[in-house]
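Let's read this structure together, one feature at a time. Ask away, and we will take each general idea to its case here.

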Amino acid sequence: MSDSYKCPVRTFGRGIHPANDGKSLSRELPVRRAPLLENYFVALPQNIGAPPSWVVKVGDEVKKGQLLATPGGKVSSAIHAPTSGKVAEFLETPGPTGAMVSTLKLTADGKDEWTELPPPLDWKTASREELLQRIADCGVIGMGGAAFPTQIKLAPPPNCKIDFLVLNGAECEPYLTADHRLMLEQPERVLTGAAIASKILGNPRTLIGVEDNKRDAIDRLNRFAGEYGVEVLVLEARYPQGSEKQLIYALTGRRVPEGALPAAAGCVVQNVATAAAIADAVCEGKPLIERIVTVSGEALMHPENLLLRIGTPVLEAVRLCGGIREEPGKLLLGGPMMGFAQKNFDGMVWKNTSGILLLPPRLCVQYESTGCLRCGRCMEVCPMNLVPCSLASAAESGKMDLALQNNVLDCLECGACAYACPAHRPLVQHIRRAKAEIRKMKKK
Amino acid sequence: MNTLEAAVLLMGVTGGILGVVIALAARFFRVAHDPRVELLIELLPNANCGGCGKAGCADLARAIVAGEAKPSDCPVSSREAIASMSSLLGIDPGVAEKKVAVVRCNGDALHTKVAVNYNGVSDCASAALVGGGPKSCNYGCLGLSSCARACPFGAIEMLKNLAVVHPELCVGCGKCVSVCPRGLITLVPASAQVHVYCNSPARAAVKRKNCASPCLGCRKCERQSPDSFEVVNNLARVKYSSGTLPTPELVEAIGCPTKCLRSVSGHLEQERKEAHE
């Protein structure tokens, strides 16, 4: 029996646990490095915040890891070439959300030659500024999904005292096993990244939270954690455990104030994949050009955890997994709860793409929604203690001010309410529209 | 004094005192009131559409009386109503060009592929948030009739998942303009009889893939009539502010290769025909 059973299991209360978490499709499969492809499509704003700007033009020969786009502001992140080759053209393609983005088509030359990488840093002796600069130069961003530039997250405002660095190994989304495999196969990379981040933040207590459906990963991490001064804590498998605020509460008992960043509660959260990317950037000088992606779903022939380069077309990733078993009912980038539904296979892997899911039609059952029953189940599961049913009806009837008064902007869009709703109301969709319209009004 | 006299006296005295109180109240708590505002409200259409930019018809009436607006600011009122308003106040009616809305897309279900089966909330703003909407073109009409529902005058008809404006019903209030998440709808002079029914800035090859009749930016119209058309960002536009608005005859002469340059009546007729196919 695993040692981790002796540890207390922490959680935030509320939330849901889907009966079929789909992780068994790919959890036992080791990460496989994808072979070199002919073309890569690197989209421009890989990060949230200011978009970077291209520094290459059509016809340029680039080496693997060479800078393609330079940060376009403070909250912005560099983009590097996933392989060596030639810049074929610039395209306008729809991103995961459907918004049009500028995309660079890179035709590989097959040599896969590295450019001259910056020298490895000894993180134990390097200064905080050197480390932050290196992380920025290597284009590291939050790989859990938010895509926030890591160097900004690791430099919280000086008036916030950081007591905790929290590493997010919860991976609460069903189906996804990319972080699980990373922690299991390369625990030292994750822990090195954690130690570097901890050093940058002035050595706060460093915790890594892993859900109790990944006992093997917990044991692996525990074997090395002591050397790096990291504590591994066990979390209950519960969605959305990996959400920043819920994770902080579960691990530290602190509550992030409404509308504030975790730094206000003395915490900084990093995804485990981001930690691994930090380790690569600092210890090897390697920019972020590849990541582990769970390519899964019952409609896929052979689900796998693939090490894919940024810019790999979704279609190629599906081909690498043996193609489709049946016509998928839904194609998602990300997990089934918060992932983005795609129109076709034209998408590509971004720095924050943790999964490519092909769900069969039988799992995409369409429900007729009825009126709200006032049963309150959505309130019982809402991790932010909101009242999703009234937020949704306010949005539905166009009363955006009422939705705003009831803190609609605090909604994570985790989808727990819609999952629990017996009337099958499209709660999250209404709330998302309200959030979009309120943001639009605020801009004006 | 019998009971009857006492009652009459009591009621008379009470009535007298209260009458004085009312007279005083009417004198000291009087609210200055302009009777012209009431008259104007009666002349205005009272649709409260907001097309004038004010909070409603009463608000516009107050603004006209205060001299901050002209009667012609109301896009709904007929010419006669505007004339009687200005004669009532003895002011200049103002000149306002009548404007109508136009949905700059011809991507009905026959022209634009429906890429996915969208079964979420039947509302354009919601659909636009899900992967860029159900249709293959990420710039065109989403076809979920949010604008038709918003129109207080019933001037927008949905024909095969495409919103089409009936210019004779449209008053140019602009309600549809604000609800369209794609920004497809604009207000144009009612005298303009020709529009480019496409709003996609994508490259021609991309547009061709997604739609059967997009504007390819071929500049055929611009070459034939540079005064009336300009091509910006792969997209032809009618120069509405220029003096020479294109005529339906000119459209015939130009012969747009993808037929997205259409006259208003031709567009309606075409979409009607396709809707019954």
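Q: How many helices and strands are there in chain A?
A: Happy to start there, with the reminder that this is a predicted model. Chain A holds 13 helices and 18 strands. Its radius of gyration is 21 Å, close to the 22 Å that the globule rule gives for 444 residues, so chain A is as compact as a globular protein of that length. The C-alpha trace of chain A spans about 60 × 55 × 45 Å along its principal axes.

Q: Which domains does the assignment give for chain B?
A: Domain 1 covers 35-89 and domain 2 covers 99-275. The centres of these two domains of chain B, taken over C-alpha atoms, are separated by 32 Å. Their contact takes six residues from domain 1 of chain B and seven residues from domain 2 of chain B. On the domain 1 side, the touching residues divide into four nonpolar, two polar and no charged.

Q: What does the domain assignment of chain A give?
A: Here domain 1 is written in two segments, 3-27 + 128-284, and domain 2 is 377-443. Between the centres of the two domains of chain A there are 27 Å, taken over C-alpha atoms. Nine residues from domain 1 of chain A and 10 residues from domain 2 of chain A make up the contact. By class, the domain 1 side that touches domain 2 has four nonpolar, three polar and two charged residues.

Q: How many residues does the contact take from chain B and from chain A?
A: In general, the size of an interface is often given as the accessible area lost when the parts come together. For this contact we can count residues: 16 from chain B and 19 from chain A. The side of chain B that touches chain A has eight nonpolar, seven polar and one charged residues.

Q: Now for helix packing. At what angle do the axes of helix 1 and helix 7 of chain A cross?
A: The general idea is that two packed helices are described by the angle between their axes and the distance between the axes. The axes of helix 1 (residues 128-137) and helix 7 (residues 272-284) of chain A come within 9 Å and cross at roughly 110 degrees. That makes helix 1 of chain A roughly perpendicular to helix 7 of chain A, and helix 1 passes helix 7 in a right-handed crossing. Leu131(A), Arg134(A) and Ile135(A) in helix 1 meet Ile278(A), Ala281(A) and Val282(A) in helix 7. By class, this contact has five nonpolar, no polar and one charged residues.

Q: How do helix 10 and helix 13 of chain A pack?
A: Helix 10 (residues 388-396) and helix 13 (residues 427-443) of chain A pack at about 60 degrees, with axes 8 Å apart. These two helices of chain A are therefore oblique to each other, and helix 10 passes helix 13 in a left-handed crossing. Among the residues that meet are Leu391(A) and Ala395(A) of helix 10, and Ile431(A) and Ala434(A) of helix 13. The contact has eight nonpolar, one polar and two charged residues.

Q: At what angle do helix 2 and helix 3 of chain B pack?
A: Helix 2 (residues 35-43) and helix 3 (residues 57-65) of chain B pack at about 130 degrees, with their axes 9 Å apart. They are therefore oblique to each other, and helix 2 of chain B passes helix 3 of chain B in a right-handed crossing. The contact includes Val37(B) and Leu40(B) of helix 2, and Ala61(B) and Ile64(B) of helix 3. By class it has eight nonpolar, no polar and two charged residues.

Q: Which residues does a cis peptide bond join in chain A?
A: As background, most residues other than glycine have a negative phi, and most peptide bonds are trans. In chain A, a cis peptide bond joins Tyr239(A) and Pro240(A), with omega about -5 degrees. Pro240(A) is found in the loop between strand 12 (230-235) and helix 6 (244-252) of chain A.

Q: Is phi of Asn233(B) positive or negative?
A: Positive: phi of Asn233(B), a residue other than glycine, is near 55 degrees. Asn233(B) is in the loop between strand 6 (229-232) and strand 7 (235-238) of chain B.

Notes
Residues numbered from 1 in each chain as written. Chains lettered and ligands numbered in written order. Predicted model: local features only at pLDDT ≥ 70, side-chain atom pairs only at ≥ 80, totals over all residues. Domains from an automatic or database assignment. Contact = placed C-beta atoms within 7 Å. Nonpolar A, V, L, I, M, F, W, Y, C, P; charged D, E, K, R; others polar. Axes fitted to C-alpha atoms, helices over the stretch in contact; angles between N-to-C directions. Helix = DSSP H or I, 4+ residues; strand = E, 2+ residues; numbered from the N terminus. Parallel < 35°, antiparallel > 145°, perpendicular 65-115°, else oblique. Left-handed = near helix turned anticlockwise from the far one by under 90°. Rg over C-alpha atoms; globule rule 2.2 N^0.38 Å.
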